[in-house]
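The following paragraphs go through a structure element by element. Keep the sequence and the coordinates at hand while reading.

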Amino acid sequence: MRKRAVFAVYTVAAITLLWPGVDASARARRQPAHTPPPTLEVPPETRLLVIAPHPDDETLAAGGLMQRVHESGGHVNVVYLTDGDGYPEGVQSEGHVESPSASDYRGYGRQRRREARDALAALGLDRASHTFLSFPDGGLCKLTRTYWSERRTAFRSPYTRLDRPPKSEMIVPDTEYRGEDLTQEIARIIGDFRPTMILAPRKEDQHADHCAAWFFLGDALTDVRRVHPDYTVDVLNYIVHFYAWPFEEDGPRLEPPALRGGASGWLRFALTPAEVRTKRAALKKYSTQMHVMDWFLAGFARRNEVFSRPSAFRVVLPSRRNLCCDQ
Ligand SMILES: [Zn+2]
């Protein structure tokens, strides 16, 4: 396909997805009920790629893990799929306008990008450790199926009225709001960064952009694996939106009770008190979000984070069915 071929020129060292979670799952099933849940270890020289549908998801889910990887001599790269600009309530609140214009939404996206840079800096990560793809907030799900290829016009954001990222944000030339273009950009980033660990939303996340982000990562990995069958990477999932996931005042962060922990069982990652303080400080950089839902953000600044490993998967887009939303 047009852009899939582009990836072939980018090399990755090794492919063959490792599924360490399979063994971990068997261990988890053998554990008696009172045994503490397994924990996530950070190997030395980890290269962590975080897939964030919107600015703030990376810090909410993994503000502690990113600090630890960085402090341990590893590298972190955060890929923001959207600028988080398709949020009418947020734009109304920020701009004090009842009916925001496309220009208001674009400005809001630029502000959220600035906040993301400040949040990453607060976590101690340098400014080269992130990539904004500027795909449409609230539109990723439609790109998994309806707006997949050049056979139809690109998706146009009902908020920003854009149908492609700004040229300055394009990884692959001529990228537009089409599913195959987003897959291609993610595959390109994986090829360039060569992560040893990838963190992406779970498909069960109830925000359609988060769910779609999982399928785009899976499709990109399928592409990478096709070209570099020896590549190995540890894939982890996080979840942000899941019913009324409890926000206890000061307890440990618990896994959603109605959601199984994938192949690994839920993995808890304990933060030091200093890491919690730093994570909280990073979240406060997201002032646009703090204005409208500070309680939600604060609920993630806990003494631990929770992750899971997926069962072995092979995702191929476009999908024949609706994966995450009505299309
Ligand atoms: Zn999000």
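Which residue just after α2 takes a positive phi? It is glycine 73, with a phi of about 90°. The model examined here is a predicted one, and every value quoted is computed from it.

Some totals for the chain come before the details. The secondary structure consists of nine helices and seven strands. Of the 327 residues in the chain, 50% are buried. Among contacts with a separation of 6 or more, 81% are between residues 24 or more positions apart.

Helix α2 covers residues 57-71, which makes 15 residues. From first C-alpha to last, α2 reaches 21 Å, close to the 21 Å expected at 1.5 Å a residue.

Because 16 of its 20 residues are buried, α7 is largely enclosed by the rest of the structure.

Leucine 143 is the next residue to look at. It lies in helix α5. Leucine 143 has 27 C-beta neighbours inside 10 Å, and since 20 or more are needed to count as buried, it is classed as buried. Not counting residues up to four places away in sequence, leucine 143 touches Trp148, Phe155, Tyr177, Arg178, Gly179 and Leu182. Alanine 212 is 69 residues from leucine 143 in sequence, yet their C-alpha atoms are 8.4 Å apart in space.

How do the axes of α3 and α9 cross? Helix α3 takes in residues 88-95 and helix α9 residues 287-298; their axes come within 10 Å and cross at roughly 105°. Angles of 65 to 115 degrees count as roughly perpendicular, and α3 and α9 are therefore roughly perpendicular to each other. On the α3 side the contact is made by Glu89, Gly90, Ser93 and Glu94, and on the α9 side by Thr288, His291 and Val292. By class, this contact has one nonpolar, four polar and two charged residues.

The remaining points concern the backbone outside the helices discussed so far. Glutamate 45 has a phi near 60°, a positive value in a residue other than glycine. It sits in the loop between α1 (20-30) and β1 (47-52). Is glutamate 45 buried or exposed? With 11 other C-beta atoms within 10 Å, glutamate 45 is exposed, because the cut-off for exposed is 12 or fewer.

Arginine 161 is not a glycine either, and its phi is positive at about 65°. The residue is found in the loop between α5 (140-143) and α6 (179-193). Arginine 161 has 12 other C-beta atoms within 10 Å and is therefore exposed.

Finally, the peptide bond from leucine 317 to proline 318 is cis, with omega near 5°. Proline 318 is placed in the segment after β7 (304-307).

Terms used: Residues numbered from 1 in each chain as written. Predicted model: local features only at pLDDT ≥ 70, side-chain atom pairs only at ≥ 80, totals over all residues. Helix = DSSP H or I, 4+ residues; strand = E, 2+ residues; numbered from the N terminus. Expected span 1.5 Å × (residues − 1). Axes fitted to C-alpha atoms, helices over the stretch in contact; angles between N-to-C directions. Parallel < 35°, antiparallel > 145°, perpendicular 65-115°, else oblique. Contact = placed C-beta atoms within 7 Å. Nonpolar A, V, L, I, M, F, W, Y, C, P; charged D, E, K, R; others polar.
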